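Trainee: I would like to go through the labels used for this model and set each one against its definition. Can we start?

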Amino acid sequence: MPPKSETQPASSTARTQFSDPSDDYSIDPIFHILRVLPFSFLRPPKLRLKIPTVTLPSAMTVFSLILLTYFMVVSGIVYDVIVEPPGIGSTQDRFTGAVKPVVFLPGRVNGQYIIEGLSSGFMFVLGGIGIVLLDLATDKNREKSVKVSFASAGIVFVVIAYVMSMLFIRIKIPAYLR
């Protein structure tokens with residue numbers, strides 16, 4: 001007994017298995033009218049459209065956007081939008097009774113004022129920029145004075161960011177690392 005593909009005519013197998021989507025073969029006359037009739041008297045216009053050229057942004061633009069996104073994320077902008085904390089807090093002095101502004105919410109690790117988040121985020125970004133400057137200082141194609149400037153600014157930025165972040169943590173959690 002021969003296989004099924006040999007028993008069927010070649011034209012019908014080609015039409016069923018490998019049908020072209022642009023093939024107008026159909027038994028339905030309404031399908032034929034809807035598909036063929038409008039194009040017998042309508043012609044599509046000849047458009048001369050130019051493909052828009054999209055240029056990639058520069059590396060500095062991408063770096064700036066990523067740095068801004070990093071600043072927003074580490075500053076706790078999502079927390080600030082959801083919880084809506086005040087910008088700064090206040091506390092009353094025990095001896096004089098005067099009200100003093102407070103930037104850090106002491107004792108609560110999972111809460112913050114808006115200024116606290118922004119200042120902490122700025123310190124993280126400052127440390128990141130310092131690391132980028134230290135990386136730029138290792139370029140062999142730069143002059144020695146530029147390398148020294150990048151290295152010294154990078155070290156200063158990293159040290160300031162570390163010291164201030166540790167200060168912020170000690171204000172937030174008084175018994176941290178003691």
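Mentor: Gly117 is found in helix H7; helices (H or I, at least four residues) and strands (E, at least two) are DSSP runs, numbered from the N terminus. This is a predicted model, in which local features need pLDDT of at least 70 and side-chain atom pairs count only at pLDDT 80 or more, while totals for chains, interfaces and linings use all residues. Residues are numbered from 1 along each chain as its sequence is written, and side-chain values use heavy atoms, with hydrogens and water left out.

Trainee: Why does Gly117 count as buried?

Mentor: Buried means under 20% relative accessible area, exposed over 50%, and partly exposed in between (1.4 Å probe, protein chains only). Gly117 has 2% relative accessibility, so Gly117 counts as buried. Buried residues make up 17% of the 178 residues in the protein.

Trainee: Which residues are in contact with Gly117, leaving aside its neighbours within four places in sequence?

Mentor: Contact means heavy atoms within 4.5 Å, and on that basis the partners of Gly117 are Ser75 and Gln112.

Trainee: What describes the packing of two helices?

Mentor: Two packed helices are described by the angle between their axes and the distance between the axes. For helix H5 (residues 59-74) and H7, the axes come within 8 Å and cross at roughly 145°. Axes are lines fitted to C-alpha atoms, for helices over the stretch in contact, and angles run from 0 to 180 degrees between N-to-C directions.

Trainee: Which residues of H5 meet H7?

Mentor: Phe63, Leu67, Tyr70, Phe71 and Val74 in H5 do, and their partners in H7 include Leu118, Gly121 and Phe122.

Trainee: What makes up the largest nonpolar core?

Mentor: A nonpolar core is a set of buried Ala, Val, Leu, Ile, Met, Phe, Trp, Tyr and Cys residues joined through side-chain atoms within 4.5 Å. The largest one has 5 residues in all: Phe104, Met123, Leu126, Ala161 and Phe168. Helix H7 (114-136) and helix H8 (144-172) each supply at least two residues of this core. Met123 is also in contact with Ile160, Met164 and Ser165, among others.
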